[in-house]
Amino acid sequence: MRARTGIAAVAAVLSAAGVIGAATTAGASTARPAAAADSRGPGFGDHGQAPLSPGDLLVSESYYIKDPGLIAGTTLLPLR
Amino acid sequence: MCVLAGFPTALAKTANDASDYPFGLWFASPTTLYVADEGSGDNAYDAATGTYSAAAASTTAGLQKWVPDTTTGQWTLAYTLSSGLKLGTPYPVHGYPAGVNSVTGLPWAPATDGLRNITGQVNRNGTVTIWGVTSAVSGGGDQGADPNQLVEITDPLAAAAPASGEAFRAVIAPAFDQVVRGVSFTPGTGVRDHGH
């Protein structure tokens, strides 16, 4: 059986919503956010700050980064 | 909650490479259901062909189209779309390790094994377009964290067989340190926006 979710070798720190102008073949909305985007273009890396409209296609993603400031935590179980 | 009549009911513990591995569902109409099948996750690799052999041989992974049979009263599998997914064929990812992972003895390079989350829309011309997140197999040791893709395909809603040349294409290509997880339309998306 396959593992259902990945365990990051480093850390999964962000799930961002991107808006895709996916109108090329299907006629989905071409509305794009006005907020600043990262190097991949409009809609990416907006972290939910972009205005969204009905018809926008949302994509959630995980990014794995190597940040020395991130340290593994521990889980403390409640005492009975 | 119930299992739709006609859908597989085999227990997961008896599953093998030929079994169904359903993940996301999308009803295009009351009588047309698309089911994403993520594949078995078997990362057996054939060095002779350069493919993950179990994934490449799968006839169930990809996007399954189910329709009801009014005679039997059960849902039946019309066909499975996988053209363009290149199941089992390793794809390059810029920045990703190359060669064989010494820990697993298998290539680092991932390959598509099927689809997970999906969504879609009905188009004015009688077709539907479905977007899907791909699953992966690899020798990386954590297949769920492999770089994957967002793909799309357009299928005639009423078709009983795939249209000629019908194939998936990548909307988001695999990228180092990135995994596509989910896809959906914004709330409020509906008839007015897409003219069902």
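Biologist: Which strands make up the open sheet with β9 in chain B, and in what order?
Modeller: Four strands form that open sheet of chain B, in the order β9-β10-β11-β12, and their pairing is antiparallel. Strands here are DSSP runs of E with at least two residues, helices are runs of H or I with at least four residues, and both are numbered from the N terminus. Two strands pair if DSSP finds at least two bridges between them.

Biologist: Before we go on, what kind of model is this?
Modeller: It is a predicted model, where local features need pLDDT of at least 70, side-chain atom pairs count only at pLDDT 80 or more, and totals for chains, interfaces and linings use all residues. Residues are numbered from 1 along each chain as its sequence is written, while chains are lettered from A and ligands numbered from 1 in the order in which they are written.

Biologist: How many bridges join β9(B) to β10?
Modeller: Nine bridges join β9(B) to strand β10 (residues 127-137) of chain B, and the two run antiparallel. For instance, B:Gln121 has B:Thr129 in β10(B) as its bridge partner.

Biologist: And what about B:Val122, how exposed is that one?
Modeller: B:Val122 lies in strand β9 (residues 111-122) of chain B. B:Val122 counts as partly exposed because it has 18 C-beta neighbours inside 10 Å. A residue is buried if 20 or more other C-beta atoms lie within 10 Å of its own, exposed if 12 or fewer, and partly exposed in between, with C-beta atoms placed from the backbone. B:Val122 is 41 residues from B:Leu81 in sequence, and their C-alpha atoms are 17 Å apart in space.

Biologist: What is the order of the sheet that has β1 in it?
Modeller: That open sheet of four strands in chain B runs β1-β2-β5-β6, with antiparallel pairing. The edges are β1 (22-29) and β6 (74-81), each with a single partner strand, so one side of each has no neighbour in the sheet. Inside chain B, β2 (residues 32-37) and β5 (residues 62-69) pair in the antiparallel sense over five bridges, with B:Ala36 opposite B:Leu63 in β5(B).

Biologist: New topic: what is the phi of B:Lys86?
Modeller: Phi of B:Lys86 is near 55 degrees, a positive value in a residue other than glycine. Most residues other than glycine have a negative phi. B:Lys86 sits in the loop between β6 and β7 (100-101) of chain B. B:Asp177 also has a positive phi, about 65 degrees, although it is not a glycine, and its place is the loop between β12 (169-172) and β13 (178-185) of chain B.

Biologist: How does chain B score on pLDDT?
Modeller: pLDDT is the predictor's confidence in each residue, from 0 to 100. Chain B averages 94, and 97% of the residues score at least 70. Over residues 191-196 of chain B, though, the pLDDT is below 50. Where pLDDT is low, the predicted coordinates should not be read in detail.

Biologist: Last one: which pattern does chain A follow?
Modeller: Along the sequence, chain A reads β-α-β.

Methods: Two residues are in contact if their C-beta atoms, placed from the backbone, lie within 7 Å.
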